[in-house]
Amino acid sequence: MPKAKSAKVSTKTKTKAPSPPPAKVARRKKVRDPKAPKKASSAYVFFSNEKRTVVSRTGLSFVDTSKELGRMWRSMDTAQKAPYEALAKADKARYAKEKAAYAGGEAGNDDDEEEESDG
């Protein structure tokens, strides 16, 4: 009888080259509607807008100015923060009112566009 061929097993293992990382898909930046109302500002934003000019006159960098404003805000008690909280509350009410008017107007515009395209 003829001898059966034995399968040779390679002692060297083949390794695959590492696959490149998957290509990143560029996300489109959401286009903001210029007619949309601006978001409400927080109490800290009102505070920092008021105090930034005073603090920045000391010659601090932008980062150091921001750190100083944060330190000043944290050291204030609730009575000192009250005027800024009132401004923030009023701004929040303004935003809610404008947002409701904007949302109501947008729904009406969508219906008009559909009617025009049917014609």
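**Helix packing and core in a predicted model**

Helix α1 passes α2 in a right-handed crossing. A crossing is right-handed if the near helix is turned clockwise from the far one by less than a right angle, and left-handed if anticlockwise. This is a predicted model: local features need pLDDT of at least 70, side-chain atom pairs need 80 or more, and totals for chains, interfaces and linings use all residues. Residues are numbered from 1 along each chain as its sequence is written, and side-chain values use heavy atoms, without hydrogens or water.

**Helix pair**
- The axes of α1 and α2 come within 10 Å and cross at roughly 125°.
- Contact (heavy atoms within 4.5 Å) involves residues including F47 and V55 of α1 and L69 and W73 of α2.

**Nonpolar core**
- The largest nonpolar core has 8 residues: A43, F47, V55, L69, W73, M76, Y84 and A88.
- Two or more residues each come from α1 (43-56), α2 (62-75) and α3 (78-118).
- The largest share, 3 residues, comes from α1.
- Such a core joins buried Ala, Val, Leu, Ile, Met, Phe, Trp, Tyr and Cys residues through side-chain atoms within 4.5 Å; buried means under 20% relative accessible area (1.4 Å probe, protein chains only).
- A88 touches S41, S42, A43 and F46, leaving out residues up to four places away in sequence.

**Confidence**
- The chain averages a pLDDT (predictor's confidence, from 0 to 100) of 82, and 76% of residues score at least 70.
- Mean confidence is highest in α2, at 95, and lowest in α3, at 80.
- Residues 110-119 stay under 50 and have 0 contacts beyond four places in sequence.
- Where pLDDT is low, the predicted coordinates should not be read in detail.

Conventions. Buried < 20%, exposed > 50% of the residue type's maximum accessible area, 1.4 Å probe, protein only. Helix = DSSP H or I, 4+ residues; strand = E, 2+ residues; numbered from the N terminus. Axes fitted to C-alpha atoms, helices over the stretch in contact; angles between N-to-C directions.
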